[in-house]
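Biologist: I'm new to this one. Could you show me how to read a few features, step by step?

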Amino acid sequence: MLEVEQLSGGYSGVTVLCNIHFKAEPGEFVGIIGPNGSGKSTLLKMLYRELHPETGTINLNGTPLDSLTQKQIAAQLAVLPQQEEEAFSYTVCEVVELGRYPYQKGWFGRTSRQDREVVEEAMRQTYVDHAAHRTLDQLSGGEKQRVYLARAMAQEPDYLLLDEPTNHLDIAYQVHLLDTLKQWAAKKQMTVIAAIHDLNLAALYSDKLLLLNKGNQELLDEPSNVLKKQLLQRVYGTALSRVIHPFAPRPQLMLEPDHLTGNIINGPLETLQKEEINNELYVTSAMDWKTLSSAGEENGFIWARTFSLSMENWARKKAAFEGLDVSSSDMHVEEDMDGCIKVYTAVINKVGGADAGWTYRPDFVCILLFIDSELNEGEMAGVLAAAAEAKGQAAVDTVHNREIMFGEGPVTVAVSGQRSSIDTQEEIRRRSARLVYNRLR
Amino acid sequence: MFSQNKAWISMGTGLAFAGLSLIIGVSVGSVFIPIPVSLEIIWRILFGIDMPPSIPEADVSIITNIRLPRVILAALVGASLAAAGTAFQGLLRNPLADPYTLGVSSGSALGAVVVLYTGFTIPLLGTLTLPVVSIISGFITLLFILTFVRWMEQQMRTETIILAGIIVSSFLGAFLSLIIALTGNELRQIISWLMGSVSMRGWDYAALVVPFFLIGILLLFMNIRELNALVFGEETARTLGVSPEKSRITVLAGASLLTGASVAVSGTIGFVGLVVPHLVRLLTGPDHRLLLPLSILSGAGFLVLTDLAARTIIAPTELPIGVITAATGAPVFGFLLYHQRRRPKRR
């Protein structure tokens with residue numbers, strides 16, 4: 001177990017880090033995050049004793065770091081540095097073998113058979129064994145990184161420290177490297193401590209995150225508690241939003257670039273217009289709307305400029321199957337009183353069923369609800385539910401021979417993302433529902 | 001983990017090269033002594049066996065009194081300079097470093113030139129005054145540089161040591177130039193000493209170098225794996241378990257001892273310390289476990305052969321040995337460099 005208590009220190013008299021304290025258990029992956037200059041590298045340097053702390057203690061398995069020799073430390077703790085200097089063309093094998101240095105005794109320290117086996121195993125695990133006798137300058141950046149990782153693994157460490165390990169690596173290498181580390185951490189009960197710039201990677205791989213801010217320990221907790229929108233916006237001083245990972249129970253953070261998020265269009269509802277493309281009816285807009293549709297596209301949420309209003313062909317096929325006819329659709333637009341919500345509806349009537357006592361029956365309703373406001377995903381889902389309820393209520397209230405209608409048809413909610421005059425989501429939901437109900441009734 | 005075969009072949013070749021050079025160096029000269037004869041003479045000297053009457057007395061005398069001490073001195077100086085060059089290049093992570101980078105040689109040279117200029121001799125030392133003064137002044141220079149750096153910063157980073165070395169070396173160089181400018185009769189002697197030579201030194205000089213050679217080489221061998229780690233930077237070396245401060249000082253001390261002693265007995269022979277390690281590295285790779293011993297063997301052989309050339313090419317006039325080292329070393333170096341750089345790099 002690695003224990004850090006009340007650690008402070010820095011470079012030649014200038015204190016960079018203040019009062020850091022944390023523990024890392026065997027097998028745990030601790031990510032260190034924080035803005036540039038927050039002290040991530042300084043903390044790592046103190047952990048591998050490149051820097052001596054001014055105050056505080058670091059314990060490796062209960063032993064203070066200060067009471068260990070450099071060799072004893074290296075036999076427990078390995079480092080994958082951010083950037084390696086290389087002057088001569090060593091072969092991969094020679095580089096990896098340097099990892100055995102802490103285990104070689106005596107002045108000349110012969111390489112034992114066991115050393116050789118560990119080196120070979122480390123090269124296999126990092127997939128550089130095929131290049132064992134090639135020199136470093138013949139390798140790509142990603143391969144070199146793996147060679148240095150193999151060297152660190154040849155130290156058979158209990159602790160592995162990494163400084164920006166994914167810098168200069170393409171996404172496949174990033175994922176591969178971190179997956180590998182994660183596996184080893186679990187299998188060998190190795191503690192991994194990594195300074196990571198990429199918050200999303202940090203969120204995906206860390207068991208715990210240590211957030212540093214100007215040399216102080218801001219927070220140490222699991223990723224979902226550390227990667228909070230307000231906290232990160234304060235620490236990093238930039239706007240961002242938190243979203244969920246579609247498949248993994250971890251938060252992800254989205255940046256908000258000015259040129260995409262800062263545009264304000266006056267009266268976005270005004271830009272909407274009906275348009276016929278290939279005999280199908282669409283509503284189009286000059287801007288992108290954040291859209292949630294029960295038609296179930298992508299993850300539910302998409303950005304869209306065109307919205308299909310008719311599913312007439314689909315309705316006709318279905319009606320034909322039931323031996324009925326379909327009347328032309330009945331299209332309407334309606335706006336609420338202060339012009340913040342606009343609803344488009346298309347109703348498709350079934351024709352026939354005289355024996356059942358009706359000739360026209362509104363059967364299929366397509367609802368497009370445009371809201372000039374700022375809603376988050378949950379609020380949009382709330383509006384969608386309210387609109388669907390209103391649709392159901394309208395159906396019940398117009399029941400013909402007690403048959404339920406409006407059984408089919410998507411409800412789509414699109415929001416402009418701009419702050420509007422109505423700002424409570426309660427109000428938006430109520431008005432949207434009323435608008436839909438009024439329209440259909 | 002270089003392959004063991006490669007290591008044995010390389011070491012065998014190195015030993016054979018050094019041994020052959022020694023034997024040729026002893027046999028060839030103004031009087032040619034057949035190789036089997038000179039082998040027998042050496043063998044008999046080594047084991048203290050009396051010479052049979054079949055071997056001419058003159059040959060025995062030439063070998064024991066003139067050629068053998070000269071060849072052995074050349075071998076020791078060549079080995080020292082090559083070892084020091086290897087160490088400096090590894091420590092500084094710079095293939096262009098040489099034994100004279102640190103400025104210890106300037107100290108040794110200044111001591112020697114002062115002795116030549118003033119012509120004084122220390123009682124009891126006699127002709128050994130020059131090398132002894134030279135070694136002492138080289139050692140004082142080293143201590144001064146290290147104290148100066150220590151006084152500047154606790155860490156003693158390599159870059160700072162080098163800069164301090166350059167400062168001291170330029171300062172001493174000024175005095176060297178001053179003495180050369182002031183000198184009259186001894187000018188030729190001083191210049192030829194500065195260009196370097198191993199001629200007419202005798203056993204005393206060889207014996208004087210031996211302890212420094214042994215200590216220096218031992219210090220370097222003690223840090224042979226540390227040198228490999230230090231090539232990747234001091235921070236990385238530390239994470240691998242090396243104490244950079246300790247290793248750096250030991251290597252610097254070892255290399256400086258070798259350089260200072262060499263300069264003291266033979267002047268500043270250029271090129272050996274720069275090119276021999278580089279050539280060997282091109283052939284064997286940069287792993288110091290192989291590079292250092294092979295550089296020592298090759299340096300020894302190389303300097304014996306160049307000295308042979310220096311004294312035979314336009315005999316009886318001797319050429320300065322530095323001229324030969326540069327004139328033969330540079331083209332070979334260029335050829336090997338051309339081959340290495342032209343080799344297509346796989347990606």
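Biologist: Let's start with Thr166(A). Leaving aside its neighbours within four places in sequence, which residues is Thr166(A) in contact with?

Modeller: This is a predicted model, so keep that in mind as we go. Once the neighbours within four places are set aside, Thr166(A) touches Gln174(A), Leu177(A), Leu178(A) and Leu201(A).

Biologist: And where does Thr166(A) lie?

Modeller: In a loop of chain A, the one between strand S7 (159-163) and H6.

Biologist: Is Thr166(A) buried or exposed?

Modeller: Look at the relative accessible area: under 20% means buried. Thr166(A) has 9%, so it counts as buried.

Biologist: How do I class Gln189(A) by accessibility?

Modeller: Between the buried and exposed cut-offs, a residue is called partly exposed. Gln189(A) has 44% relative accessibility, so it is partly exposed.

Biologist: What is the phi of Asn19(A)?

Modeller: About 55°, which is positive although Asn19(A) is not a glycine. Asn19(A) is placed in a strand, S2 (residues 14-24) of chain A. With a relative accessible area of 39%, Asn19(A) is partly exposed.

Biologist: Now zoom out. How many helices and strands does chain A have?

Modeller: Chain A has 13 helices and 20 strands. Of its 441 residues, 51% are buried. Take the contacts in chain A with a separation of 6 or more: 65% of them link residues 24 or more positions apart.

Biologist: How many helices and strands are there in chain B?

Modeller: Chain B has 14 helices and zero strands. Reading along its sequence gives α-α-α-α-α-α-α-α-α-α-α-α-α-α.

Biologist: Why is chain B called as compact as a globular protein of that length?

Modeller: You compare its radius of gyration with the globule rule. Chain B comes out at 21 Å, close to the 20 Å the rule gives for 347 residues, so it is as compact as a globular protein of that length. The C-alpha trace of chain B spans about 65 × 55 × 40 Å along its principal axes. As for burial, 56% of the 347 residues of chain B count as buried. Among contacts in chain B with a separation of 6 or more, 76% come from residues 24 or more positions apart.

Biologist: How do I describe two helices packed together?

Modeller: Two packed helices are described by the angle between their axes and the distance between the axes. Take helix H8 (residues 202-222) and helix H13 (residues 288-312) of chain B: their axes come within 10 Å and cross at roughly 155°. An angle over 145 degrees counts as roughly antiparallel, and H8(B) and H13(B) are therefore roughly antiparallel to each other. The crossing of H8(B) past H13(B) is right-handed.

Biologist: Which residues make the contact?

Modeller: From H8(B) come Ile217(B), Leu220(B) and Phe221(B), and from H13(B) come Leu292(B), Pro293(B) and Ile296(B). By class, this contact has six nonpolar, no polar and no charged residues.

Definitions and conventions: Residues are numbered from 1 along each chain as its sequence is written. Chains are lettered from A and ligands numbered from 1 in the order in which they are written. This is a predicted model: local features need pLDDT of at least 70, side-chain atom pairs count only at pLDDT 80 or more; totals for chains, interfaces and linings use all residues. Side-chain values use heavy atoms; hydrogens and water are left out. Axes are lines fitted to C-alpha atoms, for helices over the stretch in contact, and angles run from 0 to 180 degrees between N-to-C directions. Helices (H or I, at least four residues) and strands (E, at least two) are DSSP runs, numbered from the N terminus. Angles under 35 degrees count as roughly parallel, over 145 as roughly antiparallel, 65 to 115 as roughly perpendicular and the rest as oblique. A crossing is left-handed if the near helix is turned anticlockwise from the far one by less than a right angle, and right-handed if clockwise. Contact means heavy atoms within 4.5 Å. Ala, Val, Leu, Ile, Met, Phe, Trp, Tyr, Cys and Pro count as nonpolar, Asp, Glu, Lys and Arg as charged, and the others, Gly among them, as polar. The radius of gyration is taken over C-alpha atoms; the globule rule is 2.2 Å times the number of residues to the power 0.38. Buried means under 20% relative accessible area, exposed over 50%, partly exposed in between (1.4 Å probe, protein chains only).
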